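Hi,

Here is the model I promised to send over. Have a look at it first, and then read my notes below.

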Protein chains: 4
Amino acid sequence: MNTLTLDHLDTNALLESVVKEVTHLKGKGEVAGTIPELANVSGDKYGVHLLTVDGEEAGTGDHLERFSIQSISKVLTLTLAFTFRGERIWERMGVEPSGTAFNSLVQLELERGIPRNPFINAGALVLADILISELRDPKKELLSFVRALGNCPDVTYDQRVAESERSSGWRNAALANLLRSFGNLHNDVDEVLDLYFHQCALAMSCRELAHTFRLFATNGIPYDGAPAVLTYSETKRLNALMLTCGFYDESGEFAYKVGLPGKSGIGGGIVAIHPDRFTVATWSPRLNAKGNSVMGMATLERLTTLSGLSIF
Amino acid sequence: MNTLTLDHLDTNALLESVVKEVTHLKGKGEVAGTIPELANVSGDKYGVHLLTVDGEEAGTGDHLERFSIQSISKVLTLTLAFTFRGERIWERMGVEPSGTAFNSLVQLELERGIPRNPFINAGALVLADILISELRDPKKELLSFVRALGNCPDVTYDQRVAESERSSGWRNAALANLLRSFGNLHNDVDEVLDLYFHQCALAMSCRELAHTFRLFATNGIPYDGAPAVLTYSETKRLNALMLTCGFYDESGEFAYKVGLPGKSGIGGGIVAIHPDRFTVATWSPRLNAKGNSVMGMATLERLTTLSGLSIF
Amino acid sequence: MNTLTLDHLDTNALLESVVKEVTHLKGKGEVAGTIPELANVSGDKYGVHLLTVDGEEAGTGDHLERFSIQSISKVLTLTLAFTFRGERIWERMGVEPSGTAFNSLVQLELERGIPRNPFINAGALVLADILISELRDPKKELLSFVRALGNCPDVTYDQRVAESERSSGWRNAALANLLRSFGNLHNDVDEVLDLYFHQCALAMSCRELAHTFRLFATNGIPYDGAPAVLTYSETKRLNALMLTCGFYDESGEFAYKVGLPGKSGIGGGIVAIHPDRFTVATWSPRLNAKGNSVMGMATLERLTTLSGLSIF
Amino acid sequence: MNTLTLDHLDTNALLESVVKEVTHLKGKGEVAGTIPELANVSGDKYGVHLLTVDGEEAGTGDHLERFSIQSISKVLTLTLAFTFRGERIWERMGVEPSGTAFNSLVQLELERGIPRNPFINAGALVLADILISELRDPKKELLSFVRALGNCPDVTYDQRVAESERSSGWRNAALANLLRSFGNLHNDVDEVLDLYFHQCALAMSCRELAHTFRLFATNGIPYDGAPAVLTYSETKRLNALMLTCGFYDESGEFAYKVGLPGKSGIGGGIVAIHPDRFTVATWSPRLNAKGNSVMGMATLERLTTLSGLSIF
């Protein structure tokens with residue numbers, strides 16, 4: 001194999017090449033329109049940040065500007081729920097790709113209230129319900145958990161986004177009520193929705209995301225010296241989940257072209273992991289028809305293709 | 001990470017430990033009943049064969065006995081079709097997990113004749129159609145291709161199985177006719193079905209499968225000194241496909257628990273790949289409700305858990 | 001045709017024969033369990049009341065006892081909405097049988113928020129939304145309308161049932177939120193649900209129902225001397241709708257065996273109409289698997305078969 | 001009711017008014033394109049023929065020209081199968097509207113091979129299978145049966161249409177194979193398809209259709225002096241089926257606007273029945289998006305609205 005590996009690679013030079021190759025995509029895609037507050041973000045934002053397990057890091061563009069991480073937060077609530085319940089969380093949801101849109105009610109009804117996986121909205125609502133059962137002050141404690149993971153003490157919820165989600169979140173309300181009708185929510189529907197809308201409204205930068213997801217590249221250890229949050233085996237399992245289910249109805253495409261576990265959000269962010277090597281986060285708000293960032297997807301495809309770095 | 005890696009591991013000892021841990025599952029599951037000839041196979045067969053990229057190999061049980069590889073053949077026809085058409089094959093099928101049973105017509109109708117991926121039956125029928133368009137004597141040339149991949153010159157079709165498939169293959173005939181109605185088969189329906197029923201009837205042993213799939217662990221090179229069949233990038237892409245779509249409606253589960261690309265068949269076989277490390281094939285005819293071998297799945301789960309070897 | 005027609009028939013004798021022939025079904029089926037308050041009703045209640053267009057009437061059993069009319073109320077809100085908007089209401093729902101359960105979200109999502117017909121829950125929620133847009137005090141004015149139709153000034157809502165619906169109505173809340181997400185509810189979700197839960201909680205007797213539905217047998221005239229509520233053409237159209245869509249996923253069966261337009265409710269009531277001849281209402285709380293009263297269906301089947309009176 | 005009834009009505013004058021009111025629709029809709037031979041028919045053909053139970057008849061336009069009756073034939077095979085098996089045929093299909101397109105595989109798969117009703121293609125294929133089991137020479141005996149019903153001894157199959165159906169009938173082949181896989185076809189798939197393609201290719205005129213369907217207006221008696229083919233009760237049941245299921249996914253619309261039992265075909269024909277009054281057949285090949293004749297639907301809507309004659 002004559003492909004360069006990250007270890008011998010100038011990461012700055014790599015990012016530079018990648019950025020050059022995706023520039024022609026500027027302006028392609030549409031900023032998410034479903035949540036009013038998100039629609040106000042400039043579609044031209046673009047940032048990339050890469051962090052190796054050795055602590056090297058390189059970033060470019062708007063990589064230090066915070067944006068709404070949206071569905072990326074589902075990995076964080078899954079991780080926190082996992083620390084409480086471990087494999088028992090699979091009594092209430094599955095680990096299979098959904099084959100349908102992220103917010104579909106069809107599948108949830110046909111499968112009688114058991115969400116296909118934790119990364120579709122229905123699954124994330126069940127996770128929120130679990131956190132409410134486990135935590136005294138769920139919003140506050142989730143925030144503390146996230147801040148600790150990435151060592152980012154001033155990450156916070158964007159209250160305007162959370163409010164905007166709430167005022168337009170009828171489809172999520174439909175999902176939550178349907179889950180409740182099947183007995184797969186145990187807490188008050190409005191309380192579950194409130195936590196969910198807040199987690200989606202977490203505002204983080206590419207750099208913060210790369211650091212926050214570092215534990216998935218290091219067998220569960222958030223940062224050097226920190227205690228492990230997940231075991232070796234749990235970490236690889238959640239990575240597998242991100243690979244098979246992390247990109248809505250485009251997970252196969254991402255695995256096929258990029259070949260890394262990861263998670264996207266309709267705020268235009270994507271975070272991806274190469275176990276034992278690095279984490280990388282991108283942000284570009286214009287989305288393709290499947291709800292994933294056009295430039296983010298392309299950036300990561302170029303990154304693994306130019307470097308020869310995929311897990312396969 | 002204090003987990004042993006294959007490189008320093010006594011593969012024989014590893015297999016021995018794995019076999020011991022799955023013995024209690026003997027007798028669990030049901031031999032496939034849909035194809036009469038397959039129902040005659042003893043449910044107690046069990047074999048495992050592991051082959052490292054360095055040529056080391058170890059096997060146990062019925063690892064040298066041939067069985068019907070069934071859907072595992074879909075990876076082989078995909079590979080052959082890929083050598084002719086490359087990425088153009090995705091004009092006629094997708095790369096997304098299906099979220100439904102392997103032989104479902106529902107999804108194919110809703111998505112207007114474009115199969116979700118090459119590993120559901122509808123996708124494999126389109127692959128067979130492509131091979132018929134490309135080859136002069138498709139059955140003969142496919143056989144030559146398979147024999148060359150694994151250096152197994154006497155692998156052949158089990159004609160009784162092929163005939164048995166044909167005489168009970170109404171659902172596949174339904175899929176083929178539906179594909180034809182959408183214009184996504186270009187050749188005669190009966191000819192496509194004939195090739196498909198033959199590929200499913202390929203008889204191979206675990207050892208032969210491990211060798212035949214070696215190219216996916218070696219960036220496309222079937223055996224030392226052979227010319228590459230797939231490029232570095234193509235190999236990793238097909239590996240990604242096996243990971244996201246290789247186990248019917250249980251692909252997520254396999255990725256979650258085993259963490260390797262692979263493919264199963266209702267004959268009870270499974271083959272899995274650790275890129276740059278090894279291939280491994282198992283055979284045990286009793287299947288779970290999703291159509292995957294009970295002991296095969298457990299064997300591979302134990303193998304990666306005990307050794308710490310998964311791609312994640 | 002040697003079958004007797006109603007006009008020359010002793011209706012009391014007819015009812016007596018019918019009742020005798022369905023007695024063996026006592027105890028078959030289950031009282032609706034989804035709404036706690038309904039589950040308290042005795043399953044052994046049974047009443048029938050028949051009213052001819054000439055004003056003759058005959059009843060038996062518990063025909064004067066009030067029960068929760070549930071989905072039967074959908075015909076009443078449709079009629080009231082029709083007086084305001086006429087054919088324009090079809091901009092927001094269809095007139096086709098649904099082919100699925102009465103409270104399914106699948107179809108509503110696939111058909112992008114346009115309910116199949118006004119008699120599935122989604123359709124009835126849109127009707128409630130229309131009434132809220134049209135009326136100053138919707139609950140009060142709906143009640144006045146219903147009282148006037150049947151000349152039953154003391155018909156009212158059963159507040160305990162309404163409250164019971166509300167506290168267990170997650171699936172209806174899911175439907176309402178989904179409708180809202182598609183823009184097919186214009187008013188507050190909770191206000192729409194409140195009206196809907198109240199209309200379902202209307203308590204009426206078989207006799208009151210037979211009188212209230214008389215207008216469908218008399219080209220729109222509630223009672224002699226009253227002004228027409230619907231035109232001749234509108235009346236026959238709503239009758240057609242009841243025939244094709246009035247019995248959830250069993251409408252075809254009812255048309256096939258009974259041959260009259262009608263509407264059922266999970267409180268165990270059914271009302272049916274023979275245009276220009278009579279209306280008939282039955283009550284028996286034990287339901288079959290499709291949610292229709294076992295004895296009610298049988299009573300009406302016997303009634304039309306013994307008398308030769310169906311519209312076909 | 002101050003609307004004229006047919007009995008006192010000049011049927012010629014009625015038809016004349018109706019024709020005048022639908023003329024503006026000429027050219028609207030598309031001739032069926034799925035069967036090559038049908039696509040050759042002029043879209044401008046238009047005929048209407050009305051036959052009262054007293055033997056009065058009136059026709060206009062191309063009412064004496066034969067066309068391919070297509071799905072209208074399903075009522076005829078249902079009637080013939082009914083004479084052999086009566087209510088037992090419902091062991092193999094239902095009586096419920098389908099809520100989906102006439103040739104959908106989705107519903108058939110979800111409901112495990114039991115067609116929703118006899119008027120969707122899957123149901124008609126099961127009927128063909130029953131006739132093959134019951135008849136020595138099915139095509140010949142079906143033809144004799146049809147000729148006898150309408151007293152039309154020279155009605156016959158259009159062999160070019162039958163062949164055209166066969167050569168493009170992949171979707172029907174898919175349905176037949178799916179039925180076979182569920183065990184709901186008992187005879188050879190090709191033989192079933194052959195009978196089905198022939199019945200669809202029956203060529204009849206509006207006048208012949210009106211006479212052939214007369215038995216549904218006369219409690220089962222094909223023509224005066226003939227023995228009854230169906231009993232009083234059976235006749236009304238099949239009429240009910242035509243009303244709820246006769247117009248594909250537009251049955252509700254037809255019931256709502258026309259208010260008569262009937263059956264349409266993609267050859268552009270429609271036949272409708274007013275029990276105890278009349279039968280009427282229309283022909284106009286241009287179809288709406290649901291596969292029903294644009295001018296035929298409008299003609300029948302005008303006919304019942306102008307005359308006040310519907311069953312409701």
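Before the notes, one cut-off: a residue counts as buried when its relative accessible area is under 20%, as exposed when that area is over 50%, and as partly exposed in between. Keep in mind too that this is a predicted model.

With that cut-off in hand, take helix α8 of chain C, which covers residues 189-200. Nine of the twelve residues in α8(C) are buried, so by that cut-off the helix is mostly covered. The buried ones are Val189(C), Val192(C), Leu193(C), Leu195(C), Tyr196(C), Phe197(C), His198(C), Gln199(C) and Cys200(C).

Now the confidence scores. The model gets an ipTM of 0.92 and a pTM of 0.92. Chain A has a mean pLDDT of 93, with 96% of its residues at 70 or more. The stretch to treat separately is residues 1-5 of chain A, where the pLDDT is below 50. Beyond near neighbours in sequence, that stretch has eleven contacts in the model.

The contact draws on 38 residues of chain B and 39 residues of chain A. Between them the two chains bury about 3,100 Å², and 57% of that is on carbon and sulfur atoms.

Chains B and D make another pair. Here a rotation of 180° with 0.0 Å of shift along its axis superposes chain B on chain D, again with an RMSD given as 0.0 Å. That is how a two-fold axis relates two copies. Ala174(B) is the residue of chain B that comes closest to this rotation axis, its C-alpha being 1.9 Å away. The contact takes 15 residues from chain B and 15 residues from chain D. About 1,400 Å² is buried between them, with carbon and sulfur atoms giving 62%. On the chain B side, Glu109(B), Trp170(B) and Arg171(B) lose the most area to chain D, together 41% of what that side buries. As 100% of the interface residues of chain B are also interface residues in chain D, these copies too meet through the same surface.

Two have a positive phi without being glycine. In Asn219(A) phi is near 55°, and this residue is found in the loop between α9 (206-212) and α10 (232-245) of chain A. Is Asn219(A) buried or partly exposed? With a relative accessible area of 21%, Asn219(A) is partly exposed. Arg112(C) has a phi of about 50° and lies in the loop between α3 (106-110) and α4 (121-134) of chain C. Its relative accessible area is 58%, so Arg112(C) is exposed.

The last one is Glu65(D), placed in the loop between β3 (57-61) and β4 (67-68) of chain D. Glu65(D) is partly exposed, because its relative accessible area is 31%. What does Glu65(D) touch, leaving aside its neighbours within four places in sequence? The contacts are Lys45(D), Met204(D), Ser205(D), Cys206(D) and Trp283(D). With Lys45(D) there is a polar contact between the two side chains, at 3.0 Å. Phe197(D), on the other hand, is 132 residues from Glu65(D) along the chain, and their C-alpha atoms are separated by 21 Å.

Cheers

Note on methods: Residues are numbered from 1 along each chain as its sequence is written. Chains are lettered from A and ligands numbered from 1 in the order in which they are written. This is a predicted model: local features need pLDDT of at least 70, side-chain atom pairs count only at pLDDT 80 or more; totals for chains, interfaces and linings use all residues. Side-chain values use heavy atoms; hydrogens and water are left out. Copies are superposed by least squares on the C-alpha atoms of residues with pLDDT of at least 70 in both. Contact means heavy atoms within 4.5 Å. Helices (H or I, at least four residues) and strands (E, at least two) are DSSP runs, numbered from the N terminus. The expected span of a helix is 1.5 Å times one less than its number of residues. Buried means under 20% relative accessible area, exposed over 50%, partly exposed in between (1.4 Å probe, protein chains only). pLDDT is the predictor's confidence in each residue, from 0 to 100. Buried area is the accessible area (1.4 Å probe) that two parts lose on being put together, summed over both. A polar contact is a pair of N or O atoms within 3.5 Å; within protein, one must be able to donate a hydrogen and the other to accept it, and residues adjacent in sequence count only if both atoms are side-chain atoms.
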